[in-house]
Every structure is written in structure tokens, then in C-alpha cells.
Amino acid sequence: MTGGVLGAMRAVFVRELLVFWRRSTEVMTALVFFLIVTTLFPLAIGPERRELMLVAPGVLWVAALLATTLSLNHLFASDYQDGSLEQMLMSPYPLSAMVLAKIAAHWVLTGLPLALLSPLLAVQMALPTKAIGTLVGSLLLGTPTLTLIGAVPAALTLGVRGGGVLVSLLVLPLYTPVLIFGAEAVAASAGQGFASVAHLSLLGAFLALALSFAPWASSAALRVSLD
Amino acid sequence: MSGALFTAHGLSCARGDRTLFAGLSLELDAGEVLQVRGPNGLGKTTLLRALCGLSRPMRGEIRWRGEKVSDLAEDFTAEVAYVGHLNGIQGDLTAAENLRLARSIFARRGHAGAGVDEALDRVGLRAQRDRPSRHLSQGQKRRLALARLLILRRPLWVLDEPFTGLDVASVANLSSLIGEHVAGGGLALVVSHQAFDLPGIRGFELARYCRTRR
């Protein structure tokens, strides 16, 4: 029976990867957005290294956060339109398990590439080399939390006109704690090189918390949206 | 309590603030087909969605094998196959991938029915096996959605306008699939305006339970 749930989750995961892979433009949008937004800052502020270094953690984190928000609309929308989501409600397994598999696949295709791309952009933002590890680490811990939290409003606004903007409005306030500790972790290790562990631990705690409630909350939201 | 496998009693459903029907009761036993009839806008789709657990009725109770559906939760959905207005076909996957993944997502262990190729054969889509499903025609997509019924061995089929977009041969094919299903002890709830004839078929006029006239 347990093997059955895992098998179904794996199938959902594979399905998502296949679909997103064939619609690679959607995956690329978030990534290119991240790239462009961070590139705008050196252009606007000027190439002065000290000034860039000062804003780098904040800029990189805000850009990552906005890119994630942008990609949230793809999480359920197409499955909602073609009726796949309706079918998923008829699964013999808990809906939250299916949702978790969907979120995991979504993160692998948006959050993970974003974290892997970040060192390149960190160099562009004149972030000290010693802080790059912390940047990647904080994004690896933070972006799954962002996707998990974002899944709830994404599910709730399905079928609502102008749902895309509504998702951003609902989700950005919820993102602030992750943003604060993520950017602070990077800033700490860029400056004195201490105390970033505490921030990273908190990011880890956020992730654990989001993992425990987000799949359940978004599956409840899906049931409401599809009623 | 009656002995039928699937019963609904005192069911009321609303859309917005308008009550669609009230006090509706029906029962369905193994080997039976119930054809829900009625003019557009009466609430046939709402009834079907309530019966298969996609939406919650305002009032009333639905029982499966004598137990409340709300208590059974996933043990009930594991027994229902629903084909609604939307086909639930992911356009970027091929016909075979759609079915193969549906099989792993929706079939409990030991409950899988026909194989993917066999199901595609039965609905006449073998040649479209490896084509992206978004390139299929409306009718072919419908047939692919119906093929899902075959790969999942679920006793209760809930079909909302299954004949939409199907050509004459496919309509006959679907009728015989439903016939085989009920002959093998299955149950089928069908919303359709199409007259089709099967042994064990009963009509159900939804209009009898609608108080408000449009």
C-alpha cells in the first residue's frame, strides 16, 4: 500500500518533468527573468564594486523571490484547464501526496536551476567569493520553501480572473521571513563571515514547517477551487 | 437501508444561491446502467460531480456498499472512474504516456485493468499511440479519455456526456464497452441526450426533483 503511494508520487513527478521539459519556454522564463533583473542593477547603480557588494545579497534574493512568484502560475493552471486536476482528485491516494510530488517537480525545474545559476550572477554583483557558498546554500534551502508556500495561493486562485496578479499579492507578504533570513545569511557571510549558520538553520526550519503544512493546505484549497 | 451497491438519499445541490434539485434519491446495483436525462441547465453535471465526490452536496447522503461515501474517502474514489466535460488529457504527453502515467497514478496495486496498448486498441487509437495528444482531434481526445476507463478496473463508471464529439462507429463502440462493463458486474451512471440501448438500462428524469423552473 505504501509502495503504491510512492509509485503514484513518482509517476506524478515524472509526468511533471516530462510536461515541463516539452514546454521548456515556461521553465526558461523564470530563469531568464532572474538573470535579467539581476543584470539591471549593475547597469542602474553603476559598476562601483563597493556599492554593488552592499546591495548584492538583497538584490539576488529579491530577484530569486520574484522569479519564483512568476513561475507559480504554471504549477496548477494547465492541469486545471485540461481537467487533469479534476482527475487527480479521483486518485485513490491522498491528494496532498500528489500535490507534494507536483511541487517537488516544479522546484527541480525552477528553484534548483535558479540556485545553480546564482554564483554566476553573484560574481556580476561583486559578491565576495567566500559568500557564494552561503548564497547557493540559502537559495537551496529557501526556494523550496517559496514554492511550497506559493502553492497554497496558486491553488486557491484557480479559475479566478486575473489570478496571476492576485497570487503575487497574496504570496509576497508571506515570503518576507524567508527573504529576510535568506538575504541576511548572505550578507553575514559576505561581511564578517560569521553568524550565517544561524540564518541558514532558520531557513531550514522554515522549510520543515512549510513541508508539513503546505501540501495539506494546497490540497484543501484545490478541493475548494474545483468544487 | 436498501441493498443496492450505490445509493443516494435526500440529495440537494445548489449552484450559487439557486437550488438545482432537492430530495433526490436514486439507487444503482451491479449490472445496471442509469441514464440521467433532462434539459440543459438542470444540474445533471452538478449531480454527477456530487455523486462521485468531486463536490459536496448541500444535504443528503451517498452510500457505497452501505457505507457513507464521506467516511470512505479515498476508498470510495478508488472505485469510481469519472469522465467529465474535460478530458483530463495532458496535451504535451503522447497518448500512450497519458495512459501509462494515469495507470501508475490512479490504479491501486492489483487493480489495474487492461494494458496501455490493449486499451488503445479498444478505442481505435493504436496508430496515434506516440503522437502528442494535443495533435489529436476532439473525438480522438474523447476516446483517449474513455480508454482510461479500461486501464483502471473500477466498478462504478460516472460518465458526463461521453458521446460528445464521437463518430457513429465510436458511439457504437462506447455503448458496447459500457455494455461489457455492466455485464461483468459493473455499474454505470451516464448523462446523455443520446438514446442508446443496453440491457439493464434505466432512465432517470432529473426534472422530477427540480422545484424552481428556469
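Strand β3(B) and strand β9 (residues 201-205) of chain B pair in the parallel sense over five bridges; two strands pair if DSSP finds at least two bridges between them. The model is predicted: local features need pLDDT of at least 70, side-chain atom pairs count only at pLDDT 80 or more, and totals for chains, interfaces and linings use all residues. Residues are numbered from 1 along each chain as its sequence is written, while chains are lettered from A and ligands numbered from 1 in the order in which they are written. Helices (H or I, at least four residues) and strands (E, at least two) are DSSP runs, numbered from the N terminus.

**Strand β3 of chain B**

- Opposite B:V36 stands B:V191 in β8(B).
- Four of the five residues of β3 (residues 33-37) of chain B are buried, so this strand is largely enclosed by the rest of the structure. A residue is buried if 20 or more other C-beta atoms lie within 10 Å of its own, with C-beta atoms placed from the backbone.

**The open sheet of chain B**

- Four strands form an open sheet in the order β2-β1-β4-β5 (chain B), with antiparallel pairing.
- Its edge strands, each pairing on one side only, are β2 (18-28) and β5 (67-68) of chain B.
- Strand β1 (residues 6-15) of chain B pairs with β2(B) in the antiparallel sense over seven bridges.
- B:F6 stands opposite B:L28 in β2(B).
- Helix α1 (residues 44-51) of chain B lies across β1, β2 and β4 (59-64) of chain B, and runs at about 130° to β1(B). Axes are lines fitted to C-alpha atoms, for helices over the stretch in contact, and angles run from 0 to 180 degrees between N-to-C directions.

**Helix packing in chain A**

- Two packed helices are described by the angle between their axes and the distance between the axes.
- Helix α3 (residues 49-71) of chain A and helix α8 (residues 129-156) of chain A pack at about 30°, with their axes 10 Å apart. That makes α3(A) roughly parallel to α8(A), a term for angles under 35 degrees.
- In this pair, A:L60, A:A64, A:L65, A:T68 and A:T69 of α3(A) meet A:L135, A:L139, A:T143, A:L146, A:T147 and A:G150 of α8(A).
- The axes of helix α2 (residues 24-45) of chain A and helix α7 (residues 111-124) of chain A come within 11 Å and cross at roughly 15°. α2(A) and α7(A) are therefore roughly parallel to each other.
- The residues making this contact include A:L31, A:F34 and A:L35 of α2(A) and A:P113, A:L114 and A:L117 of α7(A).

**Where the chains meet**

- The contact takes 24 residues from chain B and 23 residues from chain A; two residues are in contact if their C-beta atoms, placed from the backbone, lie within 7 Å.
- On the side of chain B that touches chain A, the largest share, five residues, comes from α4(B).
- B:Q90 lies in the loop between β6 (80-83) and α4 (95-106) of chain B.
- B:Q90 counts as buried because 25 C-beta neighbours lie inside 10 Å.
- Not counting residues up to four places away in sequence, B:Q90 touches A:V19, A:D82, A:S84, B:N98 and B:S133.
- B:Q90 and B:S133 are 43 residues apart in sequence, and 7.0 Å apart in space, C-alpha to C-alpha.

How values were computed: Buried ≥ 20, exposed ≤ 12 C-beta atoms within 10 Å, placed from the backbone. Parallel < 35°, antiparallel > 145°, perpendicular 65-115°, else oblique.
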